[in-house]
Amino acid sequence: MQIEMTSPSRGRASSLRLTLCCFFLLLATQLTPPGAFTAAAAATARWQLLQSNIGIVAMHMQLLHNDRVVIYDRTDFGKSNLSLPDGKCRHDPSEAVVVDDCTAHSVEYDVASNSFRPLMVQTDVWCSSGAVTSDGTLVQTGGYNDGERQVRTFAPCSDRRCDWQEIRNGLAARRWYATNQILPDGRQIVIGGRRQFNYEFYPKSSSAPNVYSLPFLVQTNDPGLENNLYPFVHLNVDGNLFIFANNRAILFDYVNQKVVRTYPTMPGGDPRCYPSTGSSVLLPLKTAGRPTGNVEAEVLVCGGAPKGAFKQASGGKFLGALNTCGRIKITDPNPQWAMETMPGARAMGDMVLLPNGDVLIINGVAAGTAGWEFGRNPVLNPVIYKPDGPAGGRFALQDPSGIPRVYHSTAVLLRDGRVLVGGSNPHIFYNFTGVIFPTELRLEAFRPPYLDPEHSGSRPRIIYPTSQAKIGYSQRFSVRFTVTGNVSLDAVAVTMVAPPFNTHSFSMNQRLLVIGSGTVVKVGNSAYAAQAVAPGSHNLAPAGYYLLFVVHQGIPSEGIWVQIQ
């Protein structure tokens, strides 16, 4: 294990890491399913401290196609630890704490230079949602107080002058704890939010109603507890939406405003959505060599908190989190949940699709729920889930971080295969002393085992196409790459990843497609070509920017940006 941390503000980090490492290895021997512990014990993941203080809490994150990550927090708590440049200040009479605020509540993080700059939001973006449009613009919706009906856009630039632009009253209803999903036609659907049992679209159509009722959100609302905020939404391969809230799911035809399928309740009946927060991913879509209509789709839901946990936490009793995952093939004629057991319990975990198709489960707590001061027992060890592994042996425990990431933490995949991790603030204000979990302003990177130097001989390097290439639907193309070591021609795949909008343990619009496998030829000295076919429809992959990878023996290349149009 190698953990690169230099922050002087955490003097006890070294001894804590040693203790935690020993503790979690002991835990793994007791909880890891047979066959998984061997892989976990051999894991060569590493942690890397990137920034000791970015000035704000990374509550929301989105990677853009210029390899910069837009990060933002909230405005209603007062001043952050980062000043706005050039004497800029925000005057907002509706703010209860600071009316004139000259500090930033958003930053742009430059991955290549490991640097950041302040950005300026005009209204409160607390607990909001977002997605990236086909031209690469981040569209963020909703928030709190004066920000609850606002839409904000951020168009990436190369001169470091771009900033947030605000569209006042761009939403028809207040959206706080809502979920966004990019649709096949390029619009966003914005679903739910606190006391909003409905959905709307952005941008608006002048001839359509502004808000559409969604009774499913009423049916899944636990009075006084909710447990259906930030619903898990995934675009199915048929163009309909898989919507999971609380402990059950539907397949929803938003065009005709009807439920086309009701899925079984998840076994156990415990809630999985905010504040009993678990997480969810759409597992990799294997489109290579398959007609669009034959692509299967599976959803994985992991962690959360048991029934009554939020109420118990409000009284100072912190129930153990859930240690189960449910997996369901949503395209199956008779879909059923298959339950699996994680190496340990976890609420508020983030699930990140890695380029090789594995799922990283990271951050969170082993007791309590989401909410102010309601989480306990931080889970410092990530877990890697291998979807194609044998049942009972799909989880591999990874080495721990020394930084607890509890409520308001985030994690997103970067183009080089690392995972950017930030955030954690379970307090109403920024609080650095005298609390169990101090407000966390550090950024770190988790380096999955595939980035270990021992795999350098197997790691591909893409030489064609070049980054920012444009690809058409159903287009056949060759991906050329080099490998310095021995190559297994039957162990190569080409994958595409849609970078998601991450907040509150859910990554909106996250999807991975396997668009090439098995057809590889040698074309030169250490050079090879893999054949790939772009997705055949907008249902499989809405237009926009994706990260393209070559994966060899489970080891991914550095990604390149491609734009499907």
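Reply: Gladly! A disulfide is counted here when two cysteine sulfur atoms lie within 2.5 Å. The model is predicted, so local features need pLDDT of at least 70 and side-chain atom pairs pLDDT 80 or more, while totals for chains, interfaces and linings use all residues. Residues are numbered from 1 along each chain as its sequence is written, and side-chain values use heavy atoms, leaving out hydrogens and water.

Searching the whole structure turns up three disulfides. Let's start with Cys89 and Cys102, whose sulfur atoms are 1.8 Å apart. The torsion about their S-S bond is about 90°, so this disulfide is right-handed. The bond links distant parts of the chain, 13 residues apart: Cys89 sits in the loop between β4 (68–72) and β5 (90–91), and Cys102 in the loop between β6 (100–101) and β7 (106–110). Partly exposed covers values between buried (under 20%) and exposed (over 50%), using a 1.4 Å probe and protein chains only.

Next come Cys157 and Cys162, with 2.1 Å between their sulfur atoms. Their S-S torsion is about -75°, so the disulfide is left-handed. Both of these cysteines, Cys157 and Cys162, are buried.

Now look at Cys302 and Cys325, a pair with sulfur atoms 2.0 Å apart. The link of Cys302 and Cys325 is right-handed, with 115° about the S-S bond. Cys302 lies in strand β23 (residues 298–302) and Cys325 in strand β24, so the pair, 23 residues apart, links distant parts of the chain. Cys302 is buried at 4% relative accessible area, and Cys325 is buried at 0%.

If you count the bonded cysteines along the chain, the disulfides follow the pattern 1-2, 3-4, 5-6. Which cysteine is in no disulfide? Cys127 is one, as the nearest cysteine sulfur, in Cys273, is 15 Å away. Cys127 has 0% relative accessibility and counts as buried. What about Cys273? The closest cysteine sulfur to that of Cys273 belongs to Cys302, 13 Å away, which is too far for a bond. Cys273 also counts as buried, at 0% relative accessibility.

Methods: Helix = DSSP H or I, 4+ residues; strand = E, 2+ residues; numbered from the N terminus.
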